[in-house]
Amino acid sequence: MQQGITCSCEGPTKISNAFLSSETVAHGEVVELRITKVSDSMDPNSLNEFLKNEKLMQHESELLNLNFLIQAKFKIIELFKGDIKTDTLILYTTRTGASCGYTNFEIGKQFIIYSSPTSYFFSSFFSTQKNRKLEKSNSNWVTSCSLTSELREDHLNALKAIKIAKEGINILKNNNLLKKGVKIYTSVLTKNYEEKYEVHIFEDDKLIDNNESNRYDLILTLLSINGDFAELNFKSFGDFGFVRIGTITLSKTKGKWVKERINYVTTIE
């Protein structure tokens, strides 16, 4: 191979930023691991069409048959973000850290992955790829520039907090406890690794970088996650000074957090 790929990245350091910048976020276990050719990570029909219409340079042709990738079969335990229809996902990454590959996968170990269905690698080598999608379906790509890592409970709890907060917002919507006809800006307070409260901002039920209007119609505080149960405090601001203050208890069923009960009182501020 005549050229290389040099890894240069400044990946996100906060979980909320990593969550925003990734298309798929999941907790799971690596059940199969192998070295594979670059061409094996591509959709055969797309690759054939690509080769039919484009003349590859020598290093590009050589690369197709090079065993330069790691393929990991990832069994999903809990999906936090992404449109994944199956309980397994094929992950690809390059074999070296110098090429931004994530090289810490081990069979039988659990990981939290931040991934994308678009290869970070193809565009670096196949200059004629343009907008063609060469990647296989039901496969994602992982890099060392993300927060992909071996399972840590504090990391997992932070992702659960985001998922629980989104569900809490939806529960309040369904119970007509939020303003109608406007976007709901929410400040969600969760404890970070140092047991200090960290603020996550949501617009409706979607995590965002910031709330430019600096308006909060709802304040959620995640009080606790104990196994398959979680508890949230909430304070929602309505029209004419009405405020609702209460608690939501959720339980986890088949990977989803659902309402167990909700209690609240209405006051005027």
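Cys100 counts as buried, at a relative accessible area of 9%, where buried means under 20%, exposed over 50% and partly exposed in between, with a 1.4 Å probe and protein chains only. The structure is a predicted model, in which local features need pLDDT of at least 70 and side-chain atom pairs count only at pLDDT 80 or more, while totals for chains, interfaces and linings use all residues. Residues are numbered from 1 along each chain as its sequence is written, and side-chain values use heavy atoms, with hydrogens and water left out. The protein chain holds 5 helices and 13 strands; these are DSSP runs numbered from the N terminus, helices being H or I of at least four residues and strands E of at least two.

**Overall dimensions and surface**

- Along the principal axes, the C-alpha atoms of the protein chain fill a box of roughly 75 × 35 × 30 Å.
- The protein chain has 269 residues, of which 43% count as buried.
- Among contacts (heavy atoms within 4.5 Å) between residues at least 6 apart in sequence, 67% join residues at least 24 apart.

- Strand 4 (residues 110-115) and strand 6 run antiparallel and are joined by 2 bridges, with Ile112 opposite Ser149 of strand 6.

**Strand 3 and its partners**

- Of the 7 residues of strand 3 (residues 88-94), 5 are buried.
- Strand 3 pairs with strand 2 (residues 69-81) in the antiparallel sense over 7 bridges, and Ile90 of strand 3 is the bridge partner of Lys73.
- The hairpin of strand 2 and strand 3 has 6 residues between the strands, and Gly82 takes a positive phi near 125° there.
- Strand 3 also runs parallel to strand 5 (residues 139-141), with 3 bridges between them; Tyr92 stands opposite Trp141 of strand 5.

- Cys100 lies in the loop between strand 3 and strand 4, and its phi is positive, near 70°, although the residue is not glycine.
- Asp204, also not a glycine, has a positive phi of about 60° and is found in the loop between strand 8 (197-203) and strand 9 (206-208).
- At 23% relative accessibility, Asp204 counts as partly exposed.

- Thr186 belongs to strand 7 (residues 185-191) and counts as buried because its relative accessibility is 0%.
- Leaving aside residues up to four places away in sequence, Thr186 touches Ile169, His200, Ile201, Phe202, Asp204, Tyr216, Leu218 and Leu220.
- Trp257 lies in strand 13 (residues 256-268) and is buried, with a relative accessible area of 3%.
- Trp257 and Val25 are 232 residues apart along the chain, and their C-alpha atoms are separated by 16 Å.

Notes
Pairing = 2+ DSSP bridges.
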